[in-house]
Amino acid sequence: MKINNDQLFDEVVLAKEYLQSNWEQWKQEETTRDVIISSEEKWLRLFGHFKKNHISAPNLIKMVKYAFCLSGTSASVERVFFFDEQCMD
């Protein structure tokens, strides 16, 4: 995965500005609707804003895609070892 660090820095700065300017609104929305806006939804809103405003962020998109493809837990690996141990007994 090729990442241009200079472009990535600029993309992160733009993302930070967008997130900071919308953070309070999202907190208000969560309070009003009594629901938590997921991190996935926040990323979708950010990239939707970028797309709507013709802001290119290919490096940030690569990194977010990579991060979301990683497993949040090791449960699947642990399950394999558990079943392997059960078969050995």
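Mentor: By definition, a nonpolar core is a set of buried Ala, Val, Leu, Ile, Met, Phe, Trp, Tyr and Cys residues joined through side-chain atoms within 4.5 Å; buried means under 20% relative accessible area, exposed over 50%, and partly exposed in between (1.4 Å probe, protein chains only). This is a predicted model, in which local features need pLDDT of at least 70 and side-chain atom pairs pLDDT 80 or more, while totals for chains, interfaces and linings use all residues. Residues are numbered from 1 along each chain as its sequence is written, and side-chain values use heavy atoms, without hydrogens or water.

Trainee: In what order do the elements of the protein run from the N terminus?

Mentor: Helices (H or I, at least four residues) and strands (E, at least two) are DSSP runs, numbered from the N terminus. The protein has four helices and zero strands. The order of its elements is α-α-α-α.

Trainee: Are α2 and α3 roughly parallel or roughly antiparallel to each other?

Mentor: Their axes, lines fitted to C-alpha atoms over the stretch in contact, with angles from 0 to 180 degrees between N-to-C directions, come within 12 Å and cross at roughly 160°. Angles under 35 degrees count as roughly parallel, over 145 as roughly antiparallel, 65 to 115 as roughly perpendicular and the rest as oblique. The two helices α2 and α3 are therefore roughly antiparallel.

Trainee: Which residues of α3 meet α2?

Mentor: On the α2 side stand Ser 39, Glu 40, Trp 43, Leu 46, Phe 47 and Phe 50. Their partners in α3 are Leu 60, Ile 61, Val 64 and Phe 68.

Trainee: Is Glu 30 buried or exposed?

Mentor: Glu 30 lies in helix α1. Leaving aside neighbours within four places, Glu 30 is in contact with Val 35, Ile 36, Ile 37 and Lys 42. Because its relative accessibility is 12%, Glu 30 counts as buried.

Key:
Contact means heavy atoms within 4.5 Å.
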